[in-house]
Amino acid sequence: EGGGNMAASGEGAPEGLCGPERQGAGGLALLGLAPSAPSCPHGPALLFVKTSQGKEEGRRFYACSACRDRKDCNFFQWEDETVSETRLAAREEYNRNHQPPFTHRQNVERYKNFVLLPLSKRRFCQQCQRLLLPAEWEKHSDHQFLCDISTAQLKSPSQLLYPLENKKTNAQYLFAGRSCQFLLDLIIDLGFRRVLSVGTPRLHEMIQSKASQEDFRVRSLLLDIDFRYSQFYTEDEFCHYNMFNHYFFGGEAARETCRKFLYQGSGERVIMVTDPPFGGLVEALASSFKKLMAMWKETEKEGHNLEMPVFWIFPYFFESRILEFFPSFSMMDYQVDYDNHALYKHGKTGRRQSPVRIFTNLTPSMIVLPVEEGYRFCAVCQRYVSSGNQHCEICNSCTSKDGRRWKHCVLCKKCVKPSWFHCNNCNCCALQNHTCEKTDAVCFVCGKAGHKRSTCPSLSHT
């Protein structure tokens, strides 16, 4: 769900900064967050290394943590270069100039004044994506704006704001009402009373809108890189946060807000729900989530062997990458769908079924999926699965990942998609009209045979 869209400075990085998944003769490996990393407007930069086919590790460099497209943030610095005082000063000034026009505290004060205005004087500038006070109308006179902003609209900012849809930078696709309601019902049924909403503004919004109901006990804290939400939420309800480098823009005060929220007083159990941009680097996300989980653990006086409960919402084809960093996680069959995404919709309205799933460290049998939406309980696997996901006696598991019934291949010794067939040339299952792998194919990164680029042992991980 979450997003953000700010520019950043830079001086000429290698083209196509897209992480280790980048196609071609080589790639980029993420080395992580260095203690003395330089900063861009998105916080501390991440350290990368360029890898070339069959060659030794290349030169290391820093690049923006949040933006993988240089058009959005072209910050770049070689790790071993000496940066002059003049350039450092220019960079600091650039970073200052590319911060939001108001602080969070100023936005909270502006909101208090805005709600006191009569309906006829409540305006929202669509161009600047900002609530306007009457004294500011003149400055925005040639902009498009919405009038008569109601209390209901103020309580649903995700519908008032334009979604940020740059797939590599923020990919702010918002949960459909069905998925949002399911998640909230599930959270309540599991006994959680606090939700750390990391990049899930619509879930946070739904929780906030019900807060005034007498019997509603759930609270939420939104961590998101989209600073526009600071116009609608107090400093106890929203923290400006970059989930790719675990950076709180509000400094120690915001970090403390998060730490206090994670403290489980009087049995108020906490769960983290996160829905990162699908183009984001899994290593960077996993590193930040581990730090949030460690923050929770510091506040926890009992059960030191436990992990903070998590729902990580991500496409099923990232399963192996997520499990690499979180072996305790498992993937649920529930299909999460989005309002403003043509493909990721439930049922027949989208062009195909959503590939987005819930990864969690909770016991799978606890996650009850709605039978009326086509899910059933598998007594052998002890979890809810899609009705099309048939249990394979050979694998002893419900093996389908995409909702269709998969078939077992005796030669591959595993279940595969129904559209795949065993290819004797490749010695594995693939689409019928695929191009066969050459027998002498080698890894793009190290030049050796026997494995692909994505599993190359020479790639550095966080």
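**Before selecting anything**

This is a predicted model, in which local features need pLDDT of at least 70 and side-chain atom pairs count only at pLDDT 80 or more, whereas totals for chains, interfaces and linings use all residues. Residues are numbered from 1 along each chain as its sequence is written, and side-chain values use heavy atoms, with hydrogens and water left out.

**Stop 1: the whole chain**

Select the protein chain and colour by secondary structure. The chain has nine helices and 25 strands; helices (H or I, at least four residues) and strands (E, at least two) are DSSP runs, numbered from the N terminus. Of the 462 residues, 51% are buried. Here buried means under 20% relative accessible area, exposed means over 50%, and partly exposed lies in between, with a 1.4 Å probe and protein chains only. Among contacts with a separation of 6 or more, 59% join residues 24 or more positions apart, where contact means heavy atoms within 4.5 Å.

**Stop 2: helices H5 and H6**

Select residues 177-189 for H5 and residues 201-210 for H6. Two packed helices are described by the angle between their axes and the distance between the axes. For H5 and H6, the angle is about 65 degrees and the axes are 10 Å apart. The axes are lines fitted to C-alpha atoms, for helices over the stretch in contact, and angles run from 0 to 180 degrees between N-to-C directions. The crossing of H5 and H6 is right-handed: the near helix is turned clockwise from the far one by less than a right angle.

Next, display the side chains at this contact. H5 contributes Gly177, Cys180, Gln181, Leu183, Leu184 and Ile187, while H6 contributes Arg202, Leu203, Met206, Ile207 and Lys210. Sorted by class, the contact of H5 with H6 holds seven nonpolar, two polar and two charged residues. In this classification Ala, Val, Leu, Ile, Met, Phe, Trp, Tyr, Cys and Pro are nonpolar, Asp, Glu, Lys and Arg are charged, and the others, Gly among them, are polar.

**Stop 3: helix H7 and its cover**

Move to residues 251-262, which form H7. This helix of 12 residues reaches 17 Å from its first C-alpha to its last, close to the 16 Å expected at 1.5 Å a residue; the expected span is 1.5 Å times one less than the number of residues.

Within H7, centre on Thr257. Thr257 counts as buried because its relative accessibility is 17%. Its contacts, not counting residues up to four places away in sequence, are Leu221, Glu235, Asp236 and Cys239.

**Stop 4: Lys291 and His246**

Select Lys291, which is placed in helix H8. With 34% relative accessibility, Lys291 counts as partly exposed. Apart from neighbours within four places in sequence, Lys291 is in contact with Leu33 and His246. A distance to draw here runs from Lys291 to Asn245: the two are 46 residues apart along the chain, and their C-alpha atoms are separated by 10.0 Å.

His246 itself lies in the loop between S12 and S13 and is buried, with a relative accessible area of 9%. Most residues other than glycine have a negative phi.

**Stop 5: three further loops**

- Asp148 is in the loop between strand S9 (145-146) and helix H3 (151-154). Asp148 also has a positive phi, of about 55 degrees, and is partly exposed at 40% relative accessible area.
- Pro364 lies in the loop between strand S17 (356-360) and strand S18 (375-378). Pro364 and Met332 are 32 residues apart in sequence and 7.3 Å apart in space, C-alpha to C-alpha.
- Thr399 is in the loop between strand S21 (397-398) and strand S22 (407-409), and is buried at 14% relative accessible area.
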